[in-house]
Amino acid sequence: MNVNYLFSLATVVVLIVLTWIGVDTLGLKGFFGIIIPYAAVVLFIVGVTRKVLNWANSAVPFRIPTTCGQQKSLPWIQQDKIDNPSTTIGVVIRMLFEVLTFRSLFRNTKAKFKENYRLSYRWEIVLWATALAFHYAFAVVLLRHMRFFFEPVPLVIRLLENADSFFRLEFFSPYFAVGLPGVYMSGLVLLGALLVLLGRRIFLPQIKYISLASDYFPLFLIIGIAATGILMRYFAKVDILAIKAFAMGLLTFNPAVPENVGTLFYVHLLLVSALVAYFPYSKLMHAGGIFLSPTRNLANTTRAKRHVNPWNYTVHTHTYEEYEEEFREKMREAGLPLEKE
């Protein structure tokens, strides 16, 4: 029985409880509102820098792209220029498809035994659609939050907000006005996609068997962030102006603890800080790693060019000419053919 998700869930709950006690009981607003966010950003910068430098300094002597199409070879054989690129343009197009549409995940299949132990493969379209919805919704949420760090708010962010909040829910208004302010679709899509991904790891036996606590933790963490964000926007009604002043203070290194902001905001902030600090040391770093992955960013030129391993040490070779010169008499006595008489 895989109960790794319980450890991850307990960790997130402990973070929430500690924040609640620290802010509401001990009055440590400065610690949770200023020190922890700055520490998280420092950990993020250090972690990402170390990871990228490590990747960048890793020697890649050979071309090792993963391919699933015909390699460039003879003129009359058609090459798959996207799935097996041999030029930089082909690599760029392939990377765009991979980053923007998760093309490799789109092709993912899963195996299952049917009646009479017949093995069948099925297209995992739900996983692809959920992953796509999660990543795009998360990106929209991040961009929307940029409004707290700019004054005036850039036009592109305001347009994105308007497009994201067009949907409103009003029933017997003004008695039931969930849609006021407008409902951000990205937040709901993000939370829904996370629950699907979490349910997949908890309830599918094959996925549950291979899932670790490090697979569950970021899911619970982001679910906590999304849930507290939705609570603040639609139910707790926090002071947006005070939060914006606080965010601007953090950005300009002149932070001040906001007044009249509930504990829920500090819980939300702590979970965000935990995610930021955890990001470069976890599987989430695949967001940056995909651009430095030699299985993705290299053109397949293994037939067009000879790639020599720079780590090969010098080897003294003994050519046939040298061999024959050394053993000429013995070869003649033995009746062996000689190239040079």
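Which residues touch the most other members of the largest nonpolar core? They are Phe134, Leu190, Leu194, Leu198 and Leu221, in a core of 26 residues. A nonpolar core is a set of buried Ala, Val, Leu, Ile, Met, Phe, Trp, Tyr and Cys residues joined through side-chain atoms within 4.5 Å. Buried means under 20% relative accessible area, exposed over 50%, and partly exposed in between (1.4 Å probe, protein chains only).

The model is predicted: local features need pLDDT of at least 70, side-chain atom pairs count only at pLDDT 80 or more, and totals for chains, interfaces and linings use all residues. Residues are numbered from 1 along each chain as its sequence is written, and side-chain values use heavy atoms, without hydrogens and water.

Two or more core residues come from each of α1 (4–25), α5 (125–145), α7 (185–203), α9 (213–236) and α11 (263–278). Helices are DSSP runs (H or I, at least four residues), numbered from the N terminus. Helix α9 gives the largest share, 9 residues. Apart from this core lies another, of 18 residues, including Ile34 and Tyr266.

Helices α1 and α9 pack at about 40 degrees, with axes 8 Å apart. Axes are lines fitted to C-alpha atoms over the stretch in contact, and angles run from 0 to 180 degrees between N-to-C directions. Helix α1 is therefore oblique to α9.

Conventions:
Angles under 35 degrees count as roughly parallel, over 145 as roughly antiparallel, 65 to 115 as roughly perpendicular and the rest as oblique.
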